[in-house]
Amino acid sequence: MMQSPFHSKWFVDIMKLNSGRCGIECGVGDGGTYAMLATLCDDITGIDIESMSDDIHSKMVGIPCQWNYIREDCTNSKYLRGLDDDSVDKFHYDAMSNGKDIAAVINIMYNKMKDDGIWCFDNFHILHFSAMLILMRQWLDYHKGQELMLYPFAIVSDNDRRGKIYLTKNRVSSSRYYRKISGTELMRVPSCRWISERNNNGN
């Protein structure tokens, strides 16, 4: 799906709130957001079940970033499982939209992400309700017996209801990112303010 200028602007502006330079994208498609994220990274890996298209090659030309493309199912990715803990700064998910698949990817990536790393989940308007609950509240990884907490700090939505939700593992980082976008054009999105205030109040 074509990214609107609105989404493109805020995707870059929010992801660069974290200065880290290692990125992962699950669900690369034609490479639109992959190339945008690559401009903020020194190295980036894309994971997709489809073969890499010529569009991706053309979009990556001239971007000074070491990039990699792996054809795998991100819900059971050997590459992702092999990453070092606390090694990823930016994570963009634009793959399967059901709760089971999203939970599987969070299980894999939770320890791989740095505490202040930014998670972005795309097309939240088509996510199953169970998937939204996973992203909006504390949940338990029953396989490991530990709670995996993600704190949402921003939602960006278009008029056609396409949107992205941005989260981080750390409450302090969530509040810090929220403060950085306070007073900006993004704050015209009411749900963005509501989510952050809810988290900061501990509700």
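Is aspartate 85 buried, partly exposed or exposed? Aspartate 85 is partly exposed, with a relative accessible area of 46%. Here buried means under 20% relative accessible area, exposed means over 50%, and partly exposed lies in between (1.4 Å probe, protein chains only).

The model is predicted: local features need pLDDT of at least 70, side-chain atom pairs count only at pLDDT 80 or more, and totals for chains, interfaces and linings use all residues. Residues are numbered from 1 along each chain as its sequence is written, and side-chain values use heavy atoms, with hydrogens and water left out.

Helices (H or I, at least four residues) and strands (E, at least two) are DSSP runs, numbered from the N terminus. Seven strands form an open sheet of mixed pairing, in the order 3-2-1-4-5-9-8. Strand 3 (66–71) and strand 8 (151–157) stand at the edges. Each has a single partner strand, so one side of each is left without a neighbour in the sheet. Neighbouring strands are turned by 15° against each other on average, direction ignored. Axes are lines fitted to C-alpha atoms, for helices over the stretch in contact; angles run from 0 to 180 degrees between N-to-C directions.

Two strands pair if DSSP finds at least two bridges between them. Strand 2 (residues 43–48) and strand 3 are parallel, with six bridges. Aspartate 43 stands opposite glutamine 66 in strand 3. The chain passes from strand 2 to strand 3 through helix 3, in a right-handed β-α-β crossover. A crossover is right-handed if, with the strands pointing away from the viewer, the path from the first strand over the helix to the second runs clockwise. Strand 2 also pairs with strand 1, in the parallel sense over five bridges. Cysteine 26 has isoleucine 47 of strand 2 as its bridge partner. The crossover from strand 1 through helix 2 to strand 2 is right-handed. Five of the six residues of strand 2 are buried.

Strand 1 (residues 22–26) runs parallel to strand 4, and four bridges join them. Glycine 23 has lysine 90 of strand 4 as its bridge partner. Strand 4 and strand 5 are parallel and joined by five bridges. Valine 88 stands opposite methionine 113 in strand 5. Strand 4, helix 5 and strand 5 make a right-handed β-α-β unit. Strand 5 and strand 9 run antiparallel, joined by four bridges. Cysteine 120 stands opposite tyrosine 166 in strand 9. Seven of the 10 residues of strand 5 are buried.

Helix 5 lies across strand 1, strand 4 and strand 5, at about 170° to strand 4. Helix 7 (residues 171–181) touches strand 5, strand 8 and strand 9, and its direction makes about 35° with that of strand 8. Contact means heavy atoms within 4.5 Å. Nine of the 11 residues of helix 5 are buried, so helix 5 is largely enclosed by the rest of the structure. Among them are Gly99, Asp101 and Asn107.

A nonpolar core is a set of buried Ala, Val, Leu, Ile, Met, Phe, Trp, Tyr and Cys residues joined through side-chain atoms within 4.5 Å. The largest such core has 28 residues. Phe11, Ile14, Met15, Phe153 and Tyr166 have the most contacts inside it. Helix 1 (5–15), helix 2 (32–38), helix 3 (54–60), strand 5, strand 8 and helix 7 each give two or more residues to this core. A second, separate core has 25 residues, including Cys74, Phe91, Leu148 and Leu167.

Side chains of opposite charge can pair when their charged atoms come close. A salt bridge is a side-chain nitrogen of Lys or Arg within 4 Å of a carboxyl oxygen of Asp or Glu. The count comes to seven salt bridges. One of them joins aspartate 85 to lysine 112, with the closest N and O atoms 3.6 Å apart. Aspartate 85 lies in the loop between helix 4 (78–81) and strand 4 (88–93), and lysine 112 in the loop between helix 5 (99–109) and strand 5 (113–122), so the pair ties together parts 27 residues apart in sequence. Lysine 112 is buried, at 10% relative accessible area.

Lysine 114 forms a salt bridge with aspartate 89, the closest N and O atoms lying 3.0 Å apart. This pair links strand 5 to strand 4 across 25 residues. Lysine 114 is partly exposed at 29%, whereas aspartate 89 is buried at 4%. Lysine 164 forms a salt bridge with aspartate 122, at 3.5 Å between the closest N and O atoms. Lysine 164 belongs to strand 9 (residues 163–168) and aspartate 122 to strand 5, 42 residues apart. Lysine 164 and aspartate 122 are both buried.
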